[in-house]
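This briefing is meant for someone meeting the structure for the first time. Please look over the sequence and the 3D view before reading the notes that follow.

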Amino acid sequence: MKKLRVIVLMFLLLPVFLLSGCSTNYVESIDVVREGDIVKIVSNMSDGSKESEIIQVVQGQDGKDGEDLTITTLFDELVEKGLYEETEFDVFLHDYFKDEYEEYENNLSLQFTNKALQSAVIFYSEFHIPQTKKSEMYCGAGVIYKMDEDYSYILTNYHVVYLYKSADNYTVNNYATNTYIYTYGGQVGFVTNSTASANGYVEHTMSEDALEVEILGGAAVYDTAVVRVETAKLKEQNPTARAVDVADMYSAGEDAIAIGNPEGEGVSVTKGVVSVESQNLTMQRCDSSEEHRFRVMRIDTSVNGGNSGGGLYNKKGELIGLVNAKTYTNSEGKDLENYAYALPVDMVVKVADQVIEKYDGYLHEVTRVLMGVTYNTDNAHQVYENGLITLKDEFKIVDVTSGKVADRCGIQKDDVVQGVIINGTTHLANRAFEIGDWLLACGNQDKVAFVVLRNGVTFNTSETTIQNSDLVIVDKE
């Protein structure tokens with residue numbers, strides 16, 4: 001990476017006022033000009049003159065070496081002067097360092113992936129089997145989602161901490177008896193004890209870097225669970241541990257970097273792309289023998305057993321999903337390659353936020369508001385904007401149940417619901433399923449209204465207050 005040596009900045013870019021009667025000379029625009037290893041910041045004045053500030057490469061002055069100025073430091077200077085937004089580093093590189101851009105981009109990708117590794121953990125869940133007095137250990141992965149002074153909250157798949165086997169009668173509530181995590185860099189491992197412990201079970205002894213976590217709850221139909229650990233213990237084990245950055249959106253073709261614990265062998269990073277941004281996948285629920293249609297994104301990233309619950313990241317190291325499944329064969333038994341799935345982050349965080357907010361010492365069961373409608377998904381289409389394709393469809397009302405939330409808000413047959421208003425904040429939806437996702441964010445006593453299109457006119461419905469009778473436990477629908 002190139003470095004520039006600099007003298008001190010000659011002056012700050014401030015408007016220049018020349019008083020001459022009523023005339024004022026001011027800065028009309030600012031340009032950044034690169035000439036070899038010299039960068040000029042040029043102020044174009046209203047009288048046609050130019051004022052230049054030079055950032056120049058020198059060997060030093062007054063017997064002192066010049067200070068190193070990296071590209072990122074130069075960018076910070078330009079942001080401070082208002083020439084770029086903090087999010088426009090890529091634009092800056094393209095504007096002035098095109099020849100070096102590929103090297104910087106590769107380095108940035110590496111840095112962002114390493115930042116994601118600081119939020120990655122791997123799981124080991126121990127299940128006691130009463131009939132045989134044995135313990136079985138299952139592996140998975142997770143993501144540090146939020147950290148506060150007391151606790152750090154970690155996301156994983158529900159099936160990483162919950163195991164349904166009615167014939168074997170695993171634990172009273174089928175949750176793991178003991179659950180442990182390791183952060184990246186910790187010494188991973190456990191040994192199976194040769195003799196039974198005091199409670200009669202043959203258990204496992206974890207290595208010293210293992211941290212035992214508390215399961216807070218989750219939902220099998222969203223395959224999402226939340227656990228927590230004391231932040232002080234997490235930081236003691238790994239001072240660089242951090243909460244993940246969450247992406248605002250994701251698209252087909254976007255980089256999909258998975259960090260997991262394949263085959264229980266420790267942290268591993270693989271890379272692919274988002275193949276399909278949203279589709280339905282039918283598979284057995286981990287809490288019953290019933291099948292369920294899960295909303296997932298499909299990826300071609302290489303994943304295996306043990307990746308479950310691990311983060312799926314974009315090239316900026318932002319979380320876009322949780323890996324939860326892989327398909328090996330199609331319905332005809334033919335082998336498939338690079339067919340893996342992840343739960344979309346916009347759905348996962350709504351489940352997680354509810355669990356964290358509502359946890360009261362007992363395993364929290366996730367609830368959702370029942371609108372009291374039947375609907376069709378109509379008018380599926382794509383919109384191409386700013387170089388990206390956005391998929392859209394409509395939530396069109398077929399029928400409304402009297403006295404339920406939609407009816408109390410005044411929604412009618414043939415209305416198109418375009419968004420949800422929760423406690424005064426509007427959340428617009430491009431896809432019909434987003435309406436249901438947003439209703440995960442509502443609880444007892446929340447105020448809810450809807451954005452509706454009726455007869456060509458868009459308006460906000462009247463507001464209603466959510467009651468406990470409007471809520472349903474999602475795993476028991």
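Leaving aside its neighbours within four places in sequence, which residues is T113 in contact with? Contact here means heavy atoms within 4.5 Å, and, with those sequence neighbours set aside, T113 touches I257, I259 and V269.

This is a predicted model, in which local features need pLDDT of at least 70 and side-chain atom pairs count only at pLDDT 80 or more, while totals for chains, interfaces and linings use all residues. Residues are numbered from 1 along each chain as its sequence is written, and side-chain values use heavy atoms, with hydrogens and water left out.

**Setting of T113**

- T113 lies in helix α3, which covers residues 101–117; helices (H or I, at least four residues) and strands (E, at least two) are DSSP runs, numbered from the N terminus.
- With a relative accessibility of 15%, T113 counts as buried, where buried means under 20% relative accessible area, exposed means over 50%, and partly exposed lies in between, computed with a 1.4 Å probe on protein chains only.

**Salt bridges overall**

- A salt bridge is a side-chain nitrogen of Lys or Arg within 4 Å of a carboxyl oxygen of Asp or Glu, and by this rule the count comes to 13 salt bridges.
- One network of salt bridges links K115, R242 and D245.

- K476 counts as exposed at 58% relative accessibility, while E365 is partly exposed, with a relative accessible area of 40%.

**The pair K413 and D414**

- K413 forms a salt bridge with D414, and the closest N and O atoms of the two are 3.6 Å apart.
- K413 is exposed, with a relative accessible area of 54%, and D414 is partly exposed, with a relative accessible area of 45%.
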